[in-house]
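Open the model in your viewer and keep the selection tool at hand. The stops below go from the whole chain to single residues.

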Amino acid sequence: MDILNFSAVELGKEIKNKRISSKEVLDAYFAQIEKEEKEINAFITLTKEKAYQKGEEVQRKINRGEPCHPLAGVPIAIKDNIITKGVKTTCGSKMLENFVPTYNATVMDRLEEAGLIMLGKTNTDEFAMGSTTETSYYGVTKNPINPKHVPGGSSGGSCAAVRAQECALALGSDTGGSIRQPASHCQVVGMKPSYGSVSRYGLISYASSFDQIGPIASNVKDCVMLLDTITDYDEKDSTSKKRTAKNFTQYLINDIKGMKIGIQRQALKGVMDKDVERTFLESIRLLERAGASVSAVDFALTNYELSTYYIIASAQASSNLSRFDGVKYGFRASNYQDLEEMLKASRSLGFGEEVKKRILLGTFALSSSYYEDYYAKAQKVRTLIKNEYQKAFEYYDLILTPVAAETAPLLGRAFDHSLTKYVNDNYTIGANLTGIPAISVPAGVSKTGLPIGIQLLSASGREDQLIQASYTFETIRRGKDVK
């Protein structure tokens, strides 16, 4: 019995029906981690002892015949910017290399209640700032499909772990595409839920008005089941929203007849890799053959999304990361004469280059001389962009775009030009600027065998349409129903 090839939902059924034990599942996944990690480096911290303890707890519950969640006993990996009680949480930074939280993020409480088993914390670009998982203090993560290439980022560790079968499911965080872009590069499914759907309590913030925790899986059904598990109102999160219906699995329907899908006309005019363009056009034809109506729609403000996003995100990062000063927690420099020198030295040595660059940009945008010219103006443009999307969704059910303009870059190549890594977020940041849900689904491969995904977006709170369309697309691509 090949445990690693079961989907998460199938694995949950096998465990519940006592055909596989929790220990057998954990043995299989930790053996795979030991085999793959020397090359991939998807994990920063492994929680083997805690995993086996949780596995025994789940197994006892099953043996007693108690009701269990469909994913009870299923192994999951957690991005290392999500707070985990008693387990080191580093954000991929030297600043937090010895930080052990005393409480759980709300999503961790949800997972523990459901009986999922955490295998460890996954690698990430430092403080989730990056699109390649190369800025981590704990080394680069490599793409399991071709280790000469990056997995994408910043949730590259989580996506790589799922693709390398080091876990059945994973959680990531998405600030400007940090789940969807690595999901595309690693040939897995990654989703950014509507802003406020999943609690951000316990997510170490990069840009608070953009950040969202989301699920990563090898197929849409598993992804949606995990989404169901973590979605709920949380009074500890002031941005949390009450949802009328949470059973997202009911929308796993293979039918998009009559759906209206819009394509950003500007996306078609963008500079796309030839393989990405070919796959995108093939995806349009597949959706049309499945009964959807696909047509182009103009987004006049598309060219302003990137600059608007980076001004606001960097400003919020500057504010959020000001707490890391070496006083109460975090890295503290050893050589200093006074408090001011200690603060400067601790932040200079504790943060990496990419984080310091964004802090400087954000501090500049928030300064009294430039606040109105940059940050305030960017917030006004953000409102205009949000209104533009809302107007499009008055007619269209979904918007379709590529996830990235190119396939996964070679390791080190993303930094050949200082702006390249930022421009790569061009297709994904719209969902974060507007708070709408979006999903990346595998759509094909390049001539060199690198994965290519497509992105579907829907109006805020309309995960139902997003799930139905992505499940249908996945099903018709595979030519058979996903079990």
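Accessible areas here come from the Shrake-Rupley method with a 1.4 Å probe, and for residues only the protein chains shown count as cover. By that method the chain has an accessible surface of about 19,400 Å², and carbon and sulfur atoms hold 49% of it.

This is a predicted model, in which local features need pLDDT of at least 70 and side-chain atom pairs count only at pLDDT 80 or more, while totals for chains, interfaces and linings use all residues. Residues are numbered from 1 along each chain as its sequence is written, and side-chain values use heavy atoms, with hydrogens and water left out.

**Whole chain**

Start with everything selected. Along the principal axes, the C-alpha atoms fill a box of roughly 65 × 55 × 45 Å. The radius of gyration is taken over C-alpha atoms, and the globule rule is 2.2 Å times the number of residues to the power 0.38. For 483 residues that rule puts a compact globule near 23 Å, and the chain, at 21 Å, agrees with it.

Colour by secondary structure next. Helices (H or I, at least four residues) and strands (E, at least two) are DSSP runs numbered from the N terminus. The chain has 16 helices and eleven strands.

Colour by burial after that. Buried means under 20% relative accessible area, exposed over 50%, and partly exposed in between, with a 1.4 Å probe and protein chains only. Of the 483 residues, 60% count as buried. A contact means heavy atoms within 4.5 Å. Among contacts with a separation of 6 or more, 75% are between residues 24 or more positions apart.

For charges, Lys and Arg count as positive and Asp and Glu as negative, with His and the chain ends not counted. Each charge is placed at NZ of Lys, CZ of Arg, CG of Asp or CD of Glu. The 60 positive and 56 negative charges have mean positions 2 Å apart.

**The nonpolar core**

Select Ile82, Val107, Leu111, Phe127, Leu169 and Leu171. These have the most contacts inside the largest nonpolar core, which has 138 residues. Such a core is a set of buried Ala, Val, Leu, Ile, Met, Phe, Trp, Tyr and Cys residues joined through side-chain atoms within 4.5 Å. In soluble globular proteins, nonpolar side chains tend to be buried together.

Which residues are in contact with Phe127, leaving aside its neighbours within four places in sequence? They are Cys91, Ser93, Met95, Leu96, Ile204, Tyr206, Leu321, Phe324, Phe351 and Val355.

**Helix 1 and its cover**

Select residues 8-16, which form helix 1. Its buried residues are Ala8, Val9, Leu11, Gly12, Glu14 and Ile15. The cover over them includes helix 2 (22-40), helix 3 (48-63), strand 2 (75-79), strand 4 (169-174) and helix 7 (220-230). After helix 1 comes Lys18, with a positive phi near 65°.

Move to Gln59 in helix 3. Gln59 is buried, because its relative accessible area is 15%. Beyond four places in sequence, Gln59 is in contact with Ser21 and Ser22.

**Backbone exceptions**

Most residues other than glycine have a negative phi, and most peptide bonds are trans. Select the loop between strand 3 (117-122) and helix 5 (156-163), where Ser154 is found. The peptide bond joining Gly153 and Ser154 is cis, with omega about 10°. Thr133 lies in the loop between strand 3 and helix 5 too, and its phi is positive, near 60°. Thr133 has 0% relative accessible area and is therefore buried.

Then go to Gln165, in the loop between helix 5 and strand 4. Phi of Gln165 is near 60°, again a positive value. Is Gln165 buried or partly exposed? At 27% relative accessibility, Gln165 counts as partly exposed.

Select strand 5 (residues 189-192), which holds Gly190. Gly190 has 0% relative accessibility and so counts as buried. Its contacts beyond four places in sequence are Ile179, Arg180, Ala183, Pro215, Ile216, Ala438, Ile439 and Ser440.

Continue to Ser194, in the loop between strand 5 and strand 6 (212-217). Ser194 is buried, at 2% relative accessibility. Not counting residues up to four places away in sequence, Ser194 touches Gln212, Arg243, Gly435, Ile436, Pro437, Ser460, Gly461 and Glu463.

**Last stop**

Finish at Asn387 in helix 13 (residues 372-392). Asn387 is partly exposed, at 41% relative accessibility. From Asn387 to Thr434 is 47 residues in sequence and 8.5 Å in space, C-alpha to C-alpha.
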